[in-house]
Amino acid sequence: MKQTLIVERLFDGEQFHSNRVITIEAGKITHVQRAEDCQTIDSSELEYLSGTLVPGFVDIQVNGGGGALFNAEPNLECIQTIGCAHARFGTSGFLPTLITDDVSVMAKAADAVALAISQKTAGVLGIHFEGPHLSVPKKGVHPQQFIRHISDEELTIFRRQDLGIKVVTLAPENVSSQVIKSLVNAGVRVCLGHSNADYETVIKAIEAGATGFTHLFNAMSGLGSRTPGMVGAALESQETWCGLIVDGHHVHPATAKIAIKAKPRGKVLLVTDAMPPVGMADDASFELFGTKVIRQGDRLNATTGELAGCVLDMVGAVNNSVAMLGLPHSEALRMAALYPAQYLGLGEHLGLVKAGYQADLVLLNEANQVSRTYIAGKLVFTQEQKR
């Protein structure tokens, strides 16, 4: 089915344009043209959109949303609920993220993602295993009873070839360089995080093939004058990507600005680390491994005091990056779409509004809030659904 959209304003991932016509067929963009060059098109075939059309957002760290938590319900229905919740905020591609848990839960989560991919569930790109091979001193809210050394059972799950894009967050002081190499050879994107590793250990992990850092600054050894730690290695490394939570709680704006200045352009990407309350009522709370997590405004804390993920959504992360960090809107949009797509190896398919790319699109209103989300050309959210 052919779709033709004429948009008031377009950000194609590189620059802004006025009055552009987007043609979509079989879920892909076939043409992007100036409206004045399309006068032969029958106006009845056009759908006019007011606002700014931008590339769909890609979130590599999504624990929950819409009241659902992937660890609690590692099944297809949970993934669908999470995807629907985040589509309301412009996320058109995401990795359901499982934090540290029993290997049986990991297997169920893998089966659920494999099913979602086989059924072409909207937005599901793969899976992110955040743990369980982490550092106890930097565990955050990850349950200590499930933190462990890597075994053949986990390796078998990580090496599955039916999971789409695979990301594994681990602490390099607890996983050898040889194992990291084997994971990379099996198609895993290794992220470093929840770690107390020293600088030298982190550099060895990068040399072994680790390419990312999970929620930079949070739950990792910090930058000191004589001990660069994981943060120092992450900022120094020119080839690795860093996820950044821009909610005003996890990272001070000045600290986030330093990271963006230190890293090459394109190597810092926005993540939400989202939990079940995303898309829910303000007073929503939930349980995480028997510990109550309480929402106070836009902040989540366990009753033991730790930050427990986020109620951040991707359009909120974009707007916070403009308001708190002073970034141009164009760069914040790239950090939410193009850069995470490139990290996942999908930069030739996602992250731009360009002929040949999947038609993952977000329409923003004058307040830069989401009024429509398209995934592969299909309208999956309209503003009217919020009312």
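Reply: Start with helix α2. V103, V105, M106, A109, A110, A112, V113, A114 and A116 are its buried residues. Buried means under 20% relative accessible area, exposed over 50%, partly exposed in between (1.4 Å probe, protein chains only). This is a predicted model: local features need pLDDT of at least 70 and side-chain atom pairs 80 or more, while totals for chains, interfaces and linings use all residues. Residues are numbered from 1 along each chain as its sequence is written, and side-chain values use heavy atoms, without hydrogens and water.

Me: What do the buried residues of α2 pack against?

Reply: They pack against α1 (76-87), β8 (91-99), β9 (126-130) and α3 (152-158). Contact means heavy atoms within 4.5 Å. Helices (H or I, at least four residues) and strands (E, at least two) are DSSP runs, numbered from the N terminus.

Me: How do you know that the length of α2 fits a helix?

Reply: Compare two values. The expected span is 1.5 Å times one less than the number of residues. For the 16 residues of α2 (103-118) that gives 22 Å, and the end C-alpha atoms are 22 Å apart, so the two agree. Just after α2, K120 takes a positive phi of about 55°.

Me: Which element gives the most to the largest nonpolar core, and which residues there touch the most other members?

Reply: The core has 99 residues, and F57, F70, F129, L192 and L344 touch the most other members. α2 gives the most, with nine residues. A nonpolar core is a set of buried Ala, Val, Leu, Ile, Met, Phe, Trp, Tyr and Cys residues joined through side-chain atoms within 4.5 Å.

Me: Why is this core said to lie between domain 1 and domain 2?

Reply: Domain 1 (2-54 + 352-382) and domain 2 (57-344) both give residues to it, so the core lies between them. Domain bounds come from an automatic or database domain assignment. The centres of domain 1 and domain 2, taken over C-alpha atoms, are 30 Å apart. In the contact between the domains, 18 residues of domain 1 meet 16 residues of domain 2.

Me: Which residues does F70 contact?

Reply: Leaving aside neighbours within four places in sequence, F70 contacts N63, N75, C78, I79, I82, P96, T97, L98, A109, V113 and I127.

Me: What makes β5 and β14 edge strands?

Reply: The open sheet has eight strands in the order β5-β8-β9-β10-β11-β12-β13-β14, with parallel pairing. β5 (57-62) and β14 each have a single partner strand, so one side of each is left without a neighbour in the sheet. Two strands pair if DSSP finds at least two bridges between them. β8 and β9 have three bridges, and I99 has E130 as its bridge partner in β9. α9 packs on the sheet, touching β5 and β14, and its direction makes about 80° with that of β14. Such axes are lines fitted to C-alpha atoms, for helices over the stretch in contact, and angles run from 0 to 180 degrees between N-to-C directions.

Me: Why is α9 called largely enclosed?

Reply: Eight of the eight residues of α9 (329-336) are buried, so the rest of the structure largely encloses this helix. Among them are H329, E331 and R334.

Me: What makes β13 covered on both faces?

Reply: In β13 (241-244), W241 and G243 are buried on one side, and C242 and L244 are buried on the other. In a regular strand the side chains alternate between the two faces of the sheet. Two bridges join β12 (212-213) to β13 in parallel. F213 has C242 as its bridge partner in β13.

Me: Why does M275 count as buried, and where is M275 found?

Reply: M275 has 3% relative accessibility, so it counts as buried. M275 is in the loop between β14 (268-270) and β15. Beyond four places in sequence, M275 touches residues including N63, F286, L288, L300 and G309. M275 and G309 are 34 residues apart in sequence, yet 6.0 Å apart in space, C-alpha to C-alpha.

Me: How many strands form the sheet that contains β15, and which strands stand at its edges?

Reply: Three strands form this open sheet, in the order β15-β16-β17, with antiparallel pairing. β15 (286-288) and β17 (299-302) stand at the edges, because each has a single partner strand. The twist averages 35° from one strand to the next. β15 and β16 (291-296) share three bridges, and E287 has K292 as its bridge partner in β16.
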